[in-house]
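Welcome, and please load the model in your viewer. We will go from one selection to the next, with a short note on what is there each time.

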Amino acid sequence: MDILLSPQLLAAALITGVLYALISLGLNLIYGTMRLLNVAHGDQVMIGAYVAFMAFSLFNVGPLISMFGAAIICGGLGWLAYKSVLQNLLANSEILARLEENSLLLFFGISVVVQNLVILFFTADRQGYEYLSAIVEIADVRLTGARLAVLVVGSVISIVAVLYLRFSLFGLAMNALIQNRDASAVVGINVDRVQMYSLVIGFGITGLTGALISVLEPITPVMGFPYTMSGFVVIILGGLGNLWGGFLAGLLLGFLEIFGVAITGPEWRSVLVYGIFIGILIFRPQGLLGRGRIAR
């Protein structure tokens, strides 16, 4: 019971949950609007982390600034991927019918290529840097300045992003596309443009999140896969297209992971995360906060 009431664990769960919420937001945009199984999503986290690492190592620029550069770089990669490969595939109705399952292989190949390129340039060794390492004490909670900054900045960005995507014209168009692609085109929504911006924003938010993560853990070329899986778990929990649901589900997964590991041990982390994933798929496939079946 003392573990469940620990304010230190509560803070750790909030930090983890906010990061999961940001990662899943980008994944929700991409999968929701285009039905692409982006198993390379976590590699955008990795790229964002390396951008922050290089900015700090070479120019002494902290991640709270370089995260915007990471967002621009990863968003640019999303634009390049869309214009060079995905635009033509999504415009072909015959290919579109099989694109969801084929995208799994496509992004798996992209993931392998990206990871090996990063290994060639940076080696496979762990990298890291020290940033805002002084301890900040708030009530009974002791956090490094970096962890506190990640909690505050991550929370603000995730809430602003969800509000924008929920109430802006682009957000309304994106939600319409998630619900029904054909009907969206009929009512005059520029499907191609919404898809492109969804990919750019999704990649950008994920790269920004990677810059924040770089101050919390070592950086490696293969660090992204666990975040990919956690992102899929979150959008299953929150319901596809439900942005607020995804935000709350990210916090929920953070709490379940941190408190679950504290009670059972770190070796149970994967069992907890994937067990939740399988359980939701079996008993409530539309998600805990899902809005029911989505037509395509």
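**Stop one: a charged pair**

Select glutamate 137 and arginine 142, whose side chains form a salt bridge with an N to O distance of 3.4 Å. The term stands for a side-chain nitrogen of Lys or Arg within 4 Å of a carboxyl oxygen of Asp or Glu. In general, side chains of opposite charge can pair when their charged atoms come close. The structure holds one salt bridge. Glutamate 137 counts as exposed because its relative accessibility is 53%, while arginine 142, at 46%, counts as partly exposed. Here buried means under 20% relative accessible area, exposed over 50%, and partly exposed in between, with a 1.4 Å probe and protein chains only.

Before moving on, note that this is a predicted model, where local features need pLDDT of at least 70 and side-chain atom pairs count only at pLDDT 80 or more, while totals for chains, interfaces and linings use all residues. Residues are numbered from 1 along each chain as its sequence is written, and side-chain values use heavy atoms, with hydrogens and water left out.

**Stop two: α2 against α3**

Now select residues 41-59, helix α2, and residues 63-91, helix α3. Helices here are DSSP runs (H or I, at least four residues), as are strands (E, at least two), numbered from the N terminus. At what angle do α2 and α3 pack? The angle is about 135°, and their axes are 9 Å apart. That is why α2 is described as oblique to α3. Angles under 35 degrees count as roughly parallel, over 145 as roughly antiparallel, 65 to 115 as roughly perpendicular and the rest as oblique. Axes are lines fitted to C-alpha atoms, for helices over the stretch in contact, and angles run from 0 to 180 degrees between N-to-C directions.

To view the contact (heavy atoms within 4.5 Å), show side chains including Ile47, Val51 and Ala55 in α2, and Ala70, Ile73 and Leu77 in α3. The residues of this contact of α2 with α3 comprise nine nonpolar, four polar and no charged. For these classes, Ala, Val, Leu, Ile, Met, Phe, Trp, Tyr, Cys and Pro count as nonpolar, Asp, Glu, Lys and Arg as charged, and the others, Gly among them, as polar.

While α2 is on screen, pick phenylalanine 59, which belongs to this helix. Phenylalanine 59 counts as exposed, at 61% relative accessibility. Draw a distance from its C-alpha atom to that of asparagine 92, 33 residues apart along the chain: the separation is 45 Å.

**Stop three: α1 against α5**

Next, select α1 together with helix α5, residues 145-167. Their axes come within 9 Å and cross at roughly 35°. Among the residues that meet are Leu22 and Leu25 in α1, and Leu151 and Ala161 in α5. By class, the contact of α1 with α5 has 13 nonpolar residues, three polar and one charged.

**Stop four: threonine 228**

Go to helix α9, residues 225-238, and pick threonine 228. Is threonine 228 buried or exposed? At 0% relative accessibility, threonine 228 counts as buried. Leaving aside residues up to four places away in sequence, threonine 228 touches Leu27, Asn38, Val39, Ala40, His41 and Gly42.

**Last stop: two positive phi values**

Most residues other than glycine have a negative phi. Arginine 35, in the loop between α1 and α2, has a positive phi near 55°, and counts as buried at 12% relative accessibility. Finish at leucine 132, in the loop between α4 and β1, where phi is also positive, near 45°. Leucine 132 is partly exposed, at 40%.
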